[in-house]
Amino acid sequence: MDTYWSSSAKRLGALGALAAVATVLTACGSGGGTPAQVVSVNERDFVIMASPKVVDAGDVVFRDHNHGPDAHEMIVARVPGKSGLHLPFRSDGLTVSEEALQRATVGALEPGEAGSVRELRVHLAPGRYVLFCNMAGHFMAGMETVVTVR
Ligand SMILES: [Cu+2]
């Protein structure tokens with residue numbers, strides 16, 4: 001456990017640096033004439049799927065359709081590395097620490113009812129982004145997927 005937490009802390013430092021870069025790019029990159037790419041996100045108990053899984057850097061709209069039966073949320077956060085997810089957990093052991101991920105988070109949709117379709121528009125720099133639902137236990141049940149921005 002000690003190793004896990006200390007290595008997580010190092011990763012969080014890297015996440016913060018990447019998020020700062022993303023913020024700068026966001027500030028000067030919006031307002032162009034290029035239409036946003038649409039990523040279709042489908043959530044249900046307990047999976048989340050995104051298509052396409054690779055998009056170009058720039059404006060991206062995540063169109064999130066919740067097929068239920070539970071309410072689900074969608075958080076988008078930048079993650080370092082080429083494979084695997086090493087997200088920090090809260091002490092409840094059931095939810096990812098959104099506090100620790102705050103600087104890496106590019107956007108979020110709060111829990112949406114079954115049948116809802118909502119959109120999250122973001123401006124993304126190249127990198128890997130995890131889409132996940134953080135309702136208690138949902139991430140652990142498998143509600144996470146990665147979208148790559150090139
Ligand atoms: Cu969920």
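**Exercise 1. Overall make-up**

How many helices and strands does the secondary structure of the chain come to? Describe their order and the burial of the chain.

*Solution.* This is a predicted model, in which local features need pLDDT of at least 70, side-chain atom pairs count only at pLDDT 80 or more, and totals for chains, interfaces and linings use all residues. Residues are numbered from 1 along each chain as its sequence is written, and side-chain values use heavy atoms, with hydrogens and water left out.

Step 1. The chain has two helices and nine strands. Helices (H or I, at least four residues) and strands (E, at least two) are DSSP runs, numbered from the N terminus.

Step 2. Along the sequence the pattern reads α-β-β-β-β-β-β-β-β-α-β.

Step 3. Of the 150 residues, 39% count as buried. Buried means under 20% relative accessible area, exposed over 50%, and partly exposed in between (1.4 Å probe, protein chains only).

Step 4. Among contacts with a separation of 6 or more, 71% come from residues 24 or more positions apart. A contact means heavy atoms within 4.5 Å.

**Exercise 2. The copper site**

Which residues coordinate the copper ion? Locate two of them in the chain.

*Solution.* Step 1. The copper ion is coordinated by His72 through ND1, Cys133 through SG and His138 through ND1, at 2.0 to 2.1 Å. Donors are N, O and S atoms within 2.8 Å of the metal (3.2 Å for Na, K and Ca); water is not among the atoms, so sites may look incomplete.

Step 2. The spacing of the donor residues in sequence is H-x60-C-x4-H.

Step 3. His72 lies in strand β5 (residues 72-79), whereas Cys133 sits in the loop between β8 (127-132) and α2 (138-141), so the pair ties together parts that are 61 residues apart in sequence.

Step 4. Both His72 and Cys133 are buried.

**Exercise 3. Aromatic rings**

Which residues form the aromatic cluster? Work through its pairs.

*Solution.* Step 1. The structure holds two aromatic pairs. Rings of Phe, Tyr and Trp (its six-membered ring) pair if their centres lie within 6.5 Å; planes under 30 degrees apart count as stacked, over 60 as edge-to-face and the rest as tilted.

Step 2. Phe89 and Phe139 are edge-to-face, with 5.7 Å centre to centre and 70° between the planes. This pair links distant parts of the chain, 50 residues apart: Phe89 is in the loop between β5 and β6 (105-112), and Phe139 is in helix α2.

Step 3. The ring centres of Phe132 and Phe139 are 5.8 Å apart and their planes stand at 85°, so this pair is edge-to-face. Both Phe132 and Phe139 are buried.

Step 4. Phe89, Phe132 and Phe139 form one aromatic cluster.

**Exercise 4. The open sheet**

In what order do the five strands of the open sheet stand? Identify the edges.

*Solution.* Step 1. The order is β3-β9-β8-β5-β6, with mixed pairing. Two strands pair if DSSP finds at least two bridges between them.

Step 2. The edge strands are β3 (54-55) and β6, each pairing on one side only.

Step 3. β3 pairs with strand β9 (residues 144-149) in the parallel sense over two bridges. Val54 has Thr148 in β9 as its bridge partner.

**Exercise 5. Asn66**

Is Asn66 buried or exposed? Find what its side chain reaches.

*Solution.* Step 1. Asn66 lies in strand β4 (residues 58-66) and counts as buried, at 1% relative accessibility.

Step 2. The Asn66 side chain reaches the backbone oxygen of Asp70 at 3.0 Å and the backbone oxygen of Gly112 at 2.9 Å.

Step 3. Leaving aside neighbours within four places in sequence, the residues in contact with Asn66 include His72, Gly112 and Ser116.

How values were computed. Polar contact = N/O pair within 3.5 Å; in protein donor to acceptor, adjacent residues only side chain to side chain.
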